[in-house]
Amino acid sequence: MKEMELKTNLGTEIDFNGLAEKEIELTGMIQNLRVLAWGAFLILRTPRYTIQTVIDANNINIPPSELKVESVVKIRGIVKTAKIKDKAISPADHEIHVSHIDVISAPTLEAMPVDTTKKEMNLGLDTKFDLRPLTLRHTRERAIFRIAATICMEFGNYLDSIGFTRINSPKIVFAGAEGGANVFKLEYFERNAFLAQSPQFYKQMMVGVFGRVFEIGPVFRAEEHDTSRHLNEYISLDFEMGFIDSFYDLIQVEANLLRAIIARIAKDCAAEVALLGITLPKLEKVVTVKFSEVHEIIFNEYKKDYRNEKDLAPEEEKLISEYALKNWDTEFLFVTHYPTVKRPFYAMEDPENPEETLSFDLLFRGMEITTGGQRLHLLDTYLTKMKKLGMDPEAFESYLQAFRYGMPPHGGLGLGLERLTAMFCGLANIKEASLFPRDQKRLTP
Ligand code: ATP
Ligand code: MG
């Protein structure tokens, strides 16, 4: 038996101001090393910082030239105030003057296959992804995923603060929820199963339990085309909300949620925002436009005729976003009332015009980032709709149970984490916002 004292100070935040002129000990990895005649600048990567340390060659136990980038080291030194211009270094106002270095582990290979100390790595996407465990160590790459992590954290925090309960639904499922051909089939013992295209059925069932739920989890789409906006596995930020008066309630929640996320990024990721040169958007008002109006505007303003199309083409998403920025002063545009034929069976039709659904997409900087809407909540409406679409209600009995025994009016949405991250960070390809992207050709690393 061994009893240990319970340590409670496990954080990694450092009060640099309070420690000025005092000694500090830090463990981390060498992000960058610049050896000069008098000594070296060693940039240390810790869980929270990419901090500048200064080594005096005459006053150190290891010659700086013997150190290697990516070595794990423990340094001891004095905290000094500084003014650092390099945006890859944070904090910018403090550095450490090192007196002692212990090398805990050094890289096994002589040279890294990629130089992560350069300002830009300038690699093709394939090379970048082939070497992902290493390329992710680059300061810019890490910054992207600090932003993504902050989005997830605030998505949960904000929804939790307004009474949503976090759920985790299965990813091995009995049916694809979103229809269409892009569902992965899988052998499941003696049966066929599918990889979840979304948590749709489960989050609806859980509205009957908690009233308001959210989930952050992977979803799978067997997308046939290699595009810059699709992955085969992505992280979906989902919520589903009961007791709504209309789908505009969902839009209000999403707008507030995005505001909270933007504010959190501004506060917690100031260094990442500066490094990546991000201009955070403002969301001060909620602008909606009907789907049918979008076709009209695109036709009248840009002379492109999509009026017979039942979905928005990527080009239209770009153009209407441009238009909205110019004329309505918004980078976020909620497009409402999508055609019924293009929405899944659970979407509620507009009683005033059954050709349209009580649904919306959110466009941000020219790209769809969310689809949401009000769902059917009465069993009869499900049975009628399924019959109309030639679906077999028996196959969905486990889902329909929820409606057989009462459900409140409800709706929800799905927000793609990688799309939002890519749009915030100005990445040209969504794959760059995925740690280990999955596309038709890529299963490793
Ligand atoms: P698109 O029309 O762009 O193919 P979708 O309408 O098929 O997208 P939804 O089923 O509405 O996608 O999914 C909800 C959200 O999930 C989208 O708004 C988007 O943010 C994200 N998303 C959808 N498919 C993908 C994908 N293959 N890769 C990454 N994110 C995706
Ligand atoms: Mg969609």
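Which protein donors does the magnesium ion (ligand 2) have? In this predicted model, local features need pLDDT of at least 70 and side-chain atom pairs count only at pLDDT 80 or more, while totals for chains, interfaces and linings use all residues. Residues are numbered from 1 along each chain as written, chains are lettered from A and ligands numbered from 1 in written order, and side-chain values use heavy atoms, with hydrogens and water left out.

The magnesium ion is held to Glu368 (OE) and Thr371 (OG1), at 2.1 to 2.3 Å; donors here are N, O and S atoms within 2.8 Å of the metal (3.2 Å for Na, K and Ca), and with water not among the atoms, sites may look incomplete. Thr371 itself is partly exposed, at 30% relative accessible area (buried is under 20%, exposed over 50%, partly exposed in between; 1.4 Å probe, protein chains only).

Now for the helices (DSSP runs of H or I, at least four residues, numbered from the N terminus). H4 (residues 139-161) and H6 (residues 248-268) have axes that come within 9 Å and cross at roughly 130°. Axes are lines fitted to C-alpha atoms over the stretch in contact, with angles from 0 to 180 degrees between N-to-C directions. Contact means heavy atoms within 4.5 Å, and among the residues making it are Ile147 and Phe155 of H4 and Leu257 and Arg264 of H6.

Cys152 also sits in H4 and is buried, at 18% relative accessible area. Leaving aside residues up to four places away in sequence, Cys152 touches Ile216, Leu237 and Leu417. Its C-alpha atom is 8.6 Å from that of Ile261, 109 residues apart along the chain.

Terms used
Helices (H or I, at least four residues) and strands (E, at least two) are DSSP runs, numbered from the N terminus.
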